[in-house]
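Let's get to know a protein model together. Take a moment to look around before reading on.

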Amino acid sequence: MSNISSNLKFLRKGKKITQQQFADIMEIKRASVGAYEEDRAEPKYELLKKIAEFYGLTMDELANDVIDDKWKPVPKSNASNLRVLSVTVDGSDRENIELVPVKASAGYLNGYGDPEYVAELPKFSLPMFGQGTFRAFEIKGDSMLPLPSGSIIVAEYVENWHDIKPGHTYVVVSREEGVVYKRIAFKFKEDKGLKLVSDNKTYEPYWVETPDILEVWKAKAFISTQLPEPTPEPTMETLTSMMAQMQKTINAVVDNSK
């Protein structure tokens, strides 16, 4: 349950403005302000965003923190408290896995935090993913070969970016680059962001700065319609190479035992 109603009332009174004055500022009806403060309704995403900006808060703080005289905001650069994550649930109150197709990736940059947008995404579930929040992203291009273009990456939401592990692959959502699937070169750095590396070495690594990052998801599995090709039969050349390598190993063992 969110704390929006009590927070709105406390913040408005802290500004010493009436419900009507606040309604005028937000360009809404006074009755709506009363409904929000009495927990009879909740503001939609765009209005919630506007209110948070008016008070200099994140939407996460406005919705989930208990804002009172003892409350202290978390520094905005803290990577563990950046935004509200919108999710959907099934009939048993279990979180769905929402799919972001390539065609929807551009719209995702605008609607990732909008519950109504997220609710319209295709959704499914997988029995091996019980605990956690997961989302699936269709990737395109050849930057992460051998995963083919069109593969779907199933990934788990990373709340605290300091938990990101170098050498592992993640889906990074950013304002400039959009939705990309990359390997992370270093631990997250507040002053620099993340360095993204392609498995296809023809693509140069690059940095995504911290203010540009919207979401990070740790890759857990992939789905592809392209099945792996059978391993080719060994040729005389490969057999010769294998024998040579075995001989080198044997010689090294013998030398070490002398």
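Below are some questions and answers about this model.

This is a predicted model, in which local features need pLDDT of at least 70, side-chain atom pairs count only at pLDDT 80 or more, and totals for chains, interfaces and linings use all residues. Residues are numbered from 1 along each chain as its sequence is written, and side-chain values use heavy atoms, with hydrogens and water left out.

Q: Which residues of helix α1 are buried?
A: Helices here are DSSP runs of H or I with at least four residues, strands are runs of E with at least two, and both are numbered from the N terminus. Buried means under 20% relative accessible area, exposed over 50%, and partly exposed in between, using a 1.4 Å probe and protein chains only. In α1, which spans residues 4-14, the buried residues are I4, S5, N7, L8, L11 and R12.

Q: Which helices do the buried residues of α1 pack against?
A: The face turned away from the buried side carries the exposed residues K13 and G14. For packing, contact means heavy atoms within 4.5 Å. The buried residues of α1 pack against α2 (19-26), α3 (30-37), α4 (45-55) and α5 (59-64).

Q: Is K16 buried or exposed?
A: K16 sits in the loop between α1 and α2. Its phi is positive, about 60 degrees, although K16 is not a glycine. With a relative accessibility of 75%, K16 counts as exposed.

Q: Where is D39, a residue with a positive phi?
A: D39 is not a glycine, yet its phi is positive at about 60 degrees. At 43% relative accessibility, D39 counts as partly exposed. Its place is the loop between α3 and α4.

Q: Which strands are the edge strands of the sheet?
A: Strands of a sheet pair through backbone hydrogen bonds, either parallel or antiparallel. Two strands count as paired if DSSP finds at least two bridges between them. Here 9 strands form an open sheet with mixed pairing, in the order β2-β1-β3-β4-β9-β5-β6-β7-β8. Each edge strand pairs on one side only, and these strands are β2 (123-124) and β8 (206-208).

Q: Which residue in β8 stands opposite K195?
A: Strand β7 covers residues 194-197 and pairs with β8 in the antiparallel sense over 3 bridges. The residue in β8 opposite K195 is W207.

Q: Which side chain has a polar contact with that of T169?
A: T169 is found in strand β5, residues 169-174, and is buried with a relative accessible area of 11%. A polar contact is a pair of N or O atoms within 3.5 Å; within protein, one must be able to donate a hydrogen and the other to accept it, and residues adjacent in sequence count only if both atoms are side-chain atoms. At 3.0 Å, the partner of T169 is Y181.

Q: Where is the residue P146?
A: The peptide bond from L145 to P146 is cis, with omega near 15 degrees. P146 lies in the loop between β3 (134-138) and β4 (152-157).
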